[in-house]
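Visitor: I would like to learn how to read a protein model. Can we take it feature by feature?

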Amino acid sequence: MERPEPAQGRSRPWLTTPPANAALALPTEPAPEVDRNVFLLATTYGSKEQLATLLKVDPEVVTALEAARQVISFVAESQSYPLFGLFQALPGVAGGPLSAILNRFFEAIDAGDAWLDARDIATFFRVPTRMLVWATPLEVLLGHRLYDLMPDREASWLFMQSPEFRLGAVLGAVNDELQHRRAAR
């Protein structure tokens, strides 16, 4: 069976898999209009102390926020300490939007309706999803592209909407993600 060619103008270079790697390959360069500091925070994991500095709070506050499920961390196999997505400190993500998204994930986990861990949740923010017309949830929350790829017309429209509308779209993508991660009962 022959593989159909992609539709003209609909190239998805981030969906290519590099040789000997089954993971999605995301671009490493920011879009020209994106502040490099925003790109760095959106694509980097750091320590509790680094997140605390960005949030302008003490590390103990980050510990309390994590206990209250208002921020997330995970321990990578190559690390002995928790890693926090530094995107959690970005304006447009920190506070209410992040809390609403994490609450939706944790409600499903606590009810036994979905199987995923903190690393899966952190990854969700940075991976393009069809529910957001191949933009990442972070891009939608921020209202602009992060990567040096031309967004679909629909994604550009989504970026121009109000923060409340964009959060609603991301919560819809959370619901879609949870449907794909339903726990077997």
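Visitor: Is Trp157 buried, partly exposed or exposed?

Guide: Start with the scale. Buried means under 20% relative accessible area, exposed means over 50%, and partly exposed lies in between (1.4 Å probe, protein chains only). Trp157 has a relative accessible area of 44%, so Trp157 is partly exposed. One caution: this is a predicted model, where local features need pLDDT of at least 70, side-chain atom pairs count only at pLDDT 80 or more, and totals for chains, interfaces and linings use all residues. Residues are numbered from 1 along each chain as its sequence is written, and side-chain values use heavy atoms, with hydrogens and water left out.

Visitor: How many aromatic pairs does the structure hold?

Guide: First the rule. Rings of Phe, Tyr and Trp (its six-membered ring) pair if their centres lie within 6.5 Å; planes under 30 degrees apart are stacked, over 60 edge-to-face, and the rest tilted. The structure holds six such pairs. One of them joins Phe105 and Phe124, edge-to-face, at 5.2 Å centre to centre with 80 degrees between the planes.

Visitor: Where in the chain do Phe105 and Phe124 sit?

Guide: Helices are DSSP runs (H or I, at least four residues), numbered from the N terminus. Phe105 lies in helix α4 (residues 96–110) and Phe124 in helix α5 (residues 118–124). They are 19 residues apart, so the pair links distant parts of the chain. Phe105 is buried, at 0% relative accessible area. Phe124 is buried too, at 7%.

Visitor: Which residues of helix α1 are buried?

Guide: In α1 (residues 36–43), they are Phe39, Leu41 and Ala42. Their arc, taken from the directions from the helix axis to the C-beta atoms, covers only 165 degrees, so they are on the same side of α1. The face turned away from that buried side carries the exposed residues Arg36 and Asn37.

Visitor: What do the buried residues of α1 pack against?

Guide: Look for contacts, meaning heavy atoms within 4.5 Å. The buried residues of α1 pack against α2 (48–55) and α6 (137–142).

Visitor: Which helices do the buried residues of α8 pack against?

Guide: They pack against α4, α5, α6 and α7 (153–159). Among the buried residues of α8 are Leu167, Val170 and Leu178.

Note on methods
Helix = DSSP H or I, 4+ residues; strand = E, 2+ residues; numbered from the N terminus.
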